[in-house]
Amino acid sequence: MKRIVPFILTIALLAPSLAAASPSKKVKPAPAPIPLEEPAEIAPPNDLFEPINRVTFAVNDGIDAILVNPLVAIWNGLMPSFVRTGVGNFFNNLDDVYVGVNHLLQGNGSRAGVDFERVAVNSTVGIGGLIDVGAKMGLQKVDGDFGQTLGVWGIPTGPYVILPLIGPSTLRETAGRSVRVMTDPRTYLDTVPSYSLMGLEYLQTRADAKANEGLIAASSLDRYVFIRNLYLQKRSLMLKSVQTPQ
Amino acid sequence: MKEIGNRMVRLVEQAVRLVAVLSLLLGAMISSNAYADAPAPDELVRKLAAEMTTAVRSDPELQNPGSLKISDFVQKNIVPRFDFERITQIAMGRNWVKANPAEQKQIVTEFGKLLTRTYSNAIATLKDLDVEVKSTRVLTPNADVTVKTQMVGRPQPVAIDYSLINGPAGWKVYDVTVEGISLVAAYRDEFAGLVSQSGVSGLIDALKKKNGD
């Protein structure tokens with residue numbers, strides 16, 4: 001028995017220090033910060049018309065300040081939010097027809113199916129598109145337009161352009177936009193209803209966008225460049241989303 | 001008796017060895033538990049979102065854009081969870097090495113200030129929106145992940161992804177992606193433009209001017 005006591009004592013003394021020593025061995029060391037991969041040379045955005053674009057950008061800002069902002073303020077002030085939501089939904093519903101057509105042109109039948117299902121549901125149960133019943137049923141609105149279709153067909157983006165009144169675009173998106181305008185039934189209505197409907201859609205679109213404009217102005221160093229980056233990221237994403245099967 | 005005594009000694013020795021092994025194991029377990037206490041990144045995002053939502057909903061001052069309380073709250077609870085150095089490095093790309101260490105430090109500070117100042121007020125939206133953690137994409141196990149979330153409460157949910165990196169101070173956010181658009185990448189062209197026009201010092205001046213100091 002005498003042999004045991006020192007043995008126990010040794011172990012008893014050692015055990016805690018062993019146990020204490022073990023964490024440093026057993027703890028996974030916090031991983032060394034992952035080095036950033038060698039930053040790739042970022043291709044500067046294609047902005048061939050930058051000098052002209054900056055002028056148009058400034059003019060648009062001027063028109064916004066004098067005309068669009070006051071109109072948006074009146075629109076927001078006069079119309080309760082459910083009316084504004086309804087108007088937004090109404091134009092989104094018309095847009096979904098175009099989205100569906102484009103998904104078909106892109107060879108994406110299943111997406112087009114969802115788009116047309118949305119139109120069918122929203123035009124009927126959703127009272128002519130005023131309520132987005134489709135979204136509540138899990139049929140989410142997806143972006144799609146002729147510019148995207150041209151991209152799927154392999155037509156390059158082309159240089160960035162700022163369109164008067166409308167704002168950021170590229171040559172390809174501008175081409176897509178003209179197809180849209182030419183095929184829009186509203187274009188062929190009488191002048192007054194045609195312009196009223198387009199004006200209303202413009203106003204609603206701008207009213208929606210206004211919410212983010214303050215944030216963009218506050219966070220950017222060069223608003224022109226910041227908006228260009230956001231726009232080009234958004235467009236390339238729209239194209240990628242239909243090119244990669246999900 | 002001697003036989004029994006010897007056997008007992010052996011038994012006790014074995015028991016002692018067992019205890020020693022157990023205590024080693026236990027020590028390892030405790031230490032690995034201590035490690036596990038650092039929450040997984042998706043848990044971290046979920047926990048932060050829940051804490052912030054509760055705070056914003058229970059304190060009207062946190063719903064008041066520009067209030068001092070918001071900036072205090074953000075400084076204390078959110079800023080420590082962001083890796084501004086990495087954010088700045090990504091935004092600067094190749095120009096990062098053109099700045100000397102003192103300039104790098106200055107850019108990190110000023111850019112962090114700009115981001116904190118402009119995006120702080122966004123926490124007020126948590127008043128009527130909820131954050132749902134959807135999934136996590138692991139880029140490098142235990143080191144680099146993207147936590148995908150959705151802000152719900154409006155007709156259209158908004159997808160917000162947080163890229164996190166694990167370091168000595170735990171998981172930290174190094175990019176926020178809104179509907180697929182990266183906020184850090186959004187600054188790349190601006191930074192590159194300023195550096196090519198007026199050098200690193202030009203970028204620092206622009207950041208300082210924007211921050212109003």
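**Figure 1. A:Phe90 and A:Phe91, an aromatic pair.** At 29% relative accessibility, A:Phe90 is partly exposed. The model shown here is predicted. A:Phe91 has a relative accessible area of 5%, so this residue is buried, the cut-off being under 20%. Over all chains, the whole structure holds 10 aromatic pairs. In one of them, the ring centres of A:Phe90 and A:Phe91 lie 5.3 Å apart, with the planes at 75°. The pair is therefore edge-to-face, a term for planes over 60 degrees apart.

**Figure 2. An aromatic cluster in chain A.** Four residues are in view: A:Phe57, A:Tyr160, A:Tyr224 and A:Tyr231. Together they form one aromatic cluster.

**Figure 3. A nonpolar patch on the surface of chain A.** The patch is formed by A:Val97, A:Val101, A:Leu104, A:Leu105, A:Phe116, A:Trp153 and A:Ile155. Their accessible area comes to about 590 Å² together. Helix H3 of chain A, residues 81–105, gives the most to the patch. Its share is four residues.

**Figure 4. A:Ile155, a patch residue in a loop.** A:Ile155 belongs to the nonpolar patch. The loop that holds A:Ile155 runs between helix H6 (146–152) and strand E1 (160–163) of chain A. The relative accessible area of A:Ile155 is 38%, so this residue counts as partly exposed. Patch residues need over 30%.

**Figure 5. B:Glu190, a buried residue without a salt bridge.** B:Glu190 sits in helix H6 of chain B, which spans residues 188–211. The residue is buried, yet no salt bridge is found for it. The nearest side chain of opposite charge is that of B:Lys210, 7.4 Å away. A salt bridge needs a nitrogen and a carboxyl oxygen within 4 Å.

**Figure 6. Contacts of B:Glu190 with chain A.** Neighbours within four places in sequence are left aside here. B:Glu190 is then in contact with A:Ser220, A:Leu221 and A:Asp222, among others. A:Arg223, A:Val225 and A:Phe226 are also in contact with B:Glu190.

**Figure 7. Chain A, the setting for the views above.** Chain A has nine helices and two strands. Along the sequence, the pattern reads α-α-α-α-α-α-β-β-α-α-α. Chain A has 246 residues, and 35% of them count as buried. Among contacts in chain A with a separation of 6 or more, 65% join residues 24 or more positions apart. The chain exposes about 14000 Å², with 70% supplied by carbon and sulfur atoms.

Methods:
Residues numbered from 1 in each chain as written. Chains lettered and ligands numbered in written order. Predicted model: local features only at pLDDT ≥ 70, side-chain atom pairs only at ≥ 80, totals over all residues. Heavy atoms only, no water. Buried < 20%, exposed > 50% of the residue type's maximum accessible area, 1.4 Å probe, protein only. Lys, Arg positive; Asp, Glu negative; His and termini not counted. Contact = heavy atoms within 4.5 Å. Areas by Shrake-Rupley, 256 points an atom, 1.4 Å probe, with all protein chains shown as cover. Patch = residues over 30% accessible without salt bridge, like charges linked within 9 Å, V, L, I, M, F, W, Y side chains within 5 Å. Phe/Tyr/Trp six-rings, centres within 6.5 Å; stacked < 30°, edge-to-face > 60°.
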